[in-house]
Amino acid sequence: CTVMISTYNADSKKIRHYPANSCLLPLCSLYGLAVTTVEGVGSTTTKLHPIQQRLAKCHGSQCGFCTPGMVMSMYSLLRNHPEPSMEQITAALDGNLCRCTGYRPIIDSFSAFSPVRMCSGLCKPEEFHPRDPTQDYIFPPELMVSDQSSINICCIVIGAATHLAQLRDILLSLVPELPAEKTKIYRTLLKQLRTLAGEQIRSLASLGGHIVSRGSVWDLNPVLAAGNAVLNLASIDGTRQIPLNDEFLTKVPEADLSPMEVIVSVFIPFSKEDEFISAFRQAERRKNALSVTNSSMKVLFQPGTDVIEDLAIFYGGISDTTVSARNSCLKLKGRNWNDQFLDEACRLILEEVVVSPSAPGGKVEYRRSLLVSFFFRFYLEVLHSLKMMYPFQYPDLPKEYMSALSEFQEKPPQGMQIYQDVNPHQLPQDPVGRPIMHESGIKHTTGEAVYVDDIAPADGQLYMAVVTSTRAHAKILSIDTSNALEEPGVVAVVMACDIPGENGDADEKVFAEDEVIYIGDIICGIVAETYECARNARSKVKIEYQDLELILTIEEAIEHNSFLSKEKKIEKGNVEDAFETVDKILEGEIHVGGQEHFYLETNSIFVIPRKEDKQMDLYVSTQDASNAQELVASVLDVPANRITCHTRRVGGAFGGKGLKTSYFVAAAAVAAHKTGCPVRFILERDDDMRITGGRHPLWGKYKVGFMTDGKIKAVDLEFYVNGGCTLDESELVIEYVLLKCPNAYDIQNFRCRGRACKTNLHSNTSLRGFGFAQAGLSAETWIAAVADYLYLPHDEVREMNMYKNVTETPYKEEIDPTNLVVCWEECLEKSDYYKRRQAAEEFNKQNYWKKKGIAIIPMKFSVGYNETFYHQVTLMFQKPTLLKLVLIPIFLHELKIPLSYIHNYERTTATIPNAIVTSGSIGTEVNGKAVQNACQILRKRLEPIMEKNPDGKWENWIKEAYEGSISLTATGYFKGYPTNMDWEKGEGHAFPYFVFAAACSEVEIDCLTGDHENIRTDIVMDASFSINPAIDIGQIEGGFIQGLGLYTMEELKFSPEGELYTLGPDTYKIPAVCDVPEHFRVYLLPNSRNPIAIYSSRGMGEAGVFLGSSVFFAIRDAVAAARKERGLNRNFTLNSPLNVERIRMVCADRFTEMVKTFPYKNPSSSILVLFNFSGIYIFTRLGTYYPAMPGLFEKGLVCVWMLGNISVVICHAMS
């Protein structure tokens, strides 16, 4: 939703352009401003802007939903900086998210405007049009005379209305002009501004608003408070000044604004020569993410000494406001800045600064560790600065401690993509094997691509919003909709009783009737004249519940024997006998968290009832149009041929717009049936995440028997996945977990078992690479455990146990691993693995607080489904029409006609009945087989005419065929790959073929904070003959970045009552531009063939996800180096996601021990606790407080109070 705002500054006589989120801009705030949308940048009907052309030609869009926002962010930058640096380009994209591409092609395309061009071999820069400034709209002259308020800046007084981006620009120009000792606070503010929000928010948010809202995790307030900033206030009664200090930040009435006052400006003083100030923050993602904890600290020394004259320490993210360690600072005044001071300061801070056990986001122990970790970094920074100022008075810092001073600096990602070029004798117009631009790429960049919510309103259109359950498991006692129906604009309320046919199917209901089974279960829908009216009326529906027994976790499901399916099992060899012969047996477990699809376009439905024969048109963003058609027909009790489902394009899906979407469509169809009007049903992000499930969380147990040389002889695995409240795809997921859990390892004695658990959470479903993403991580975990136990390099144990020769999988399918070995060896070579491994070890010897890690991971990915019917395809061909992007080259190759002859029409059940779901990485090849069949049929009919007139054109041949009564319609069909799986025997030919790959990743971690930097990733993938290398490489890169999110940052959190906390981008973080490896290289293995697929290709859609685990194990490698240096146990398990908290806490050190050693005391002596002992009520003051460890807090335990010999356990609920 990014647009460009332009404003004229009468003082500077300059026009300023900046990006902004249109959804955050009140219309009244645009007075005197100019707004440019993506339609104003360029279009297919006028002229494309070079930004749009380059983004499309460099393959920077896939689903295209995020693309207009990318264009507008870059356009805003170019209007201010015609030749931006790469740093400016990446910073401009801070506030943009993409779930498909992996960002690399977007950065590549925009780099064409930078002096440092980074375009890959997938595009041709010589084809780029030069920028034409005359194409840009001029700023409206009428607005240049408007009475605009200018920035009130006088020396170091900043106007309160100054936007944060303006503040950054002001400081950037001011700092070089002032003496360095005076600008310490300004440089500290600049440091925080680099990572604060995204450019769109920085361009809108004002300094005064940032200050007065006093959010706990606002990054600038601690800096301003530590720097003794002063607020200039005004009201009708006059002006006054108040200090921006801890009392103001905690809203002490005497130190706060009065109700009629406003902040006019902010006075920020110069720094002093013997004054030092720093700021720190740690977030789940380095940019555009709220801090978990932030801090600013300032110390003033007596001139020429290290004796503390004044000290200020502020923390954010600890309480509901910024807090000060004022008492600690007072006690530390007069002390010398030395190690004894450090120890006492840490103890005082931990005792004074209280982290609430119910702090939003949890992570209590982690936040407490950051209190002292940040202070330690500040301590070292000050020592280092004192040494620089007075080189002969202070000793050098220990070399290994220098690494604690530096923080990661973002560097623009650089990519490399290598693929095998086509045969030089291939005709130039034949696109097969060449990187072809997305056929909708231009429309993506211009905003002309039509998604469901872009469809023009129909006459009489209504809007629907749904009322969902607030209980995870309860009986519905009553539903009162009377107040909702009285709301102006409300037309109807639809619920189960309004359904003329079946309420869903055997697995799930469209509307809950007697019982709700998760928070988010749809109970009814409000249908109104506007969406706002429908949404607001939801709160008027009154529902009474009677709570039932609640099951949320895998452990609880096992305890209650609550499962969605029977146990599945695969066994090879004799596991028990093998365990008797091995040298050592290890047992362990791993937990892999769930993942949200986070498609950029939420579930979107537009239903139009027709006047004849109970017909209905469904316009749906779905992967499974046939399923939507069938369910709606069943719900409305009409024949399926009366229902037509249309899907033009989908703004991201990844498996999340399959089965569940059909229930949304059915709900909207019931509303349209009841009202007789078209109904538009577009889910908001919160509702979409609350109602729909994602990737299954997994709990895996392993027992591994091995020899002292690292050879694994026996493996016994047990898996459970959290399927949620209904079956959905859970049975298929647990089957894939079992079929794919050995990954690339040839274990002669192997057993695995698994079940899908039934819980009262939203129903989890398929998500890109489902099953394997979790099971593959489990395999690499027990490989790592064996390597750690034997003190062997992980790559050596991996290579020793990999498939080497033609053999059978545990389910007795033949596998030829030749290309697996080649991918492994190529990855070792191209990544310079051994050389970089040695360099990382040398780095780790010299750096105590920073550690590097490197890991190389093999992959055996199984493509497709274990049932033949999933692969069958029918295609109706009527002249060149209904074709997908990746199918276009097949069509052109077979018919030998130009690209301009093709038009890509929508997918609809009217022309293709019973179409298969698009998933499982098989879409290109199975549809391609049907395309090939149809084209060959048609060309065979035309061959006699073409032979008579070999120099004719396509139009001539078609016309003559028509006049000769030759059919120009062909139906292509592909029966599907022959696959099967007999679960009774535990064997079968489960998959058509395998995709082999290897990935090597290198990272650097910050042991003090848990932050990490992705330095480099090399991927070698066996794509065989790529039909479109641009698409295949884009899928690999996009999948990798999605996997990186799964394994390192994306975390779903639920309350003890089953409510999802992480609802939306502010609390659920997917990777952004800042997370792309600095060097990102993809190599497609040359001279490889896949004889069963079309043109010898392979499916790439999902394989890249698991390769993100190479980052997980590179982090693990770095953590192991830290633990080894600290003398900690080398054998440890890390769960996924391996986020900042887990990294920091497993790198145990003196500061994490302090957190355990210094539990903090009673925060307020006025708080009393009431106990009941044998009927006698006792009041006592609070004793020592121990917060619950991570993991236990999520399960309900809050804390333990120690009162002498009495332990009091405090939980979330009395039960």
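Helices H30 and H32 are oblique to each other, a class that covers the angles left over when those under 35 degrees count as roughly parallel, those over 145 as roughly antiparallel and those from 65 to 115 as roughly perpendicular. The axes of H30 (residues 1029-1048) and H32 (residues 1109-1125) come within 7 Å and cross at roughly 40°; axes are lines fitted to C-alpha atoms over the stretch in contact, with angles running from 0 to 180 degrees between N-to-C directions. The contact (heavy atoms within 4.5 Å) involves Phe1040, Leu1044, Tyr1047 and Thr1048 of H30 together with Ser1109, Ser1110, Val1111, Phe1112 and Ile1115 of H32. These residues divide into 6 nonpolar, 3 polar and no charged, where Ala, Val, Leu, Ile, Met, Phe, Trp, Tyr, Cys and Pro count as nonpolar, Asp, Glu, Lys and Arg as charged, and the others, Gly among them, as polar.

The model is predicted, with local features requiring pLDDT of at least 70 and side-chain atom pairs pLDDT 80 or more, whereas totals for chains, interfaces and linings use all residues. Residues are numbered from 1 along each chain as its sequence is written, and side-chain values use heavy atoms, leaving out hydrogens and water. Helices (H or I, at least four residues) and strands (E, at least two) are DSSP runs, numbered from the N terminus.

The largest nonpolar core comprises 213 residues, of which Tyr315, Trp337, Phe375, Trp782, Met859 and Met1021 touch the most other members. Such a core is a set of buried Ala, Val, Leu, Ile, Met, Phe, Trp, Tyr and Cys residues joined through side-chain atoms within 4.5 Å. Helix H13 (residues 364-389) gives the most to this core, with 14 residues. Another core, of 42 residues, lies apart from it and includes Val510, Phe511, Ala669 and Ala672.

An unreviewed UniProt entry places the feature "binding site" at Cys1 and Cys23; positions follow the numbering used here, feature names are shortened, and annotations may be inferred rather than shown by experiment. Although spread over 23 residues of sequence, the two cluster in space, with a largest C-alpha distance of 6.8 Å. Cys1 lies in the segment before strand E1 (2-9), and Cys23 in the loop between strands E2 (14-21) and E3 (34-36). Cys1 is exposed at 54% relative accessibility, and Cys23 is exposed at 60% (exposed means over 50% relative accessible area, buried under 20% and partly exposed in between, with a 1.4 Å probe and protein chains only).

Val38, in the loop between E3 and helix H1 (50-57), is buried at 8% relative accessibility.
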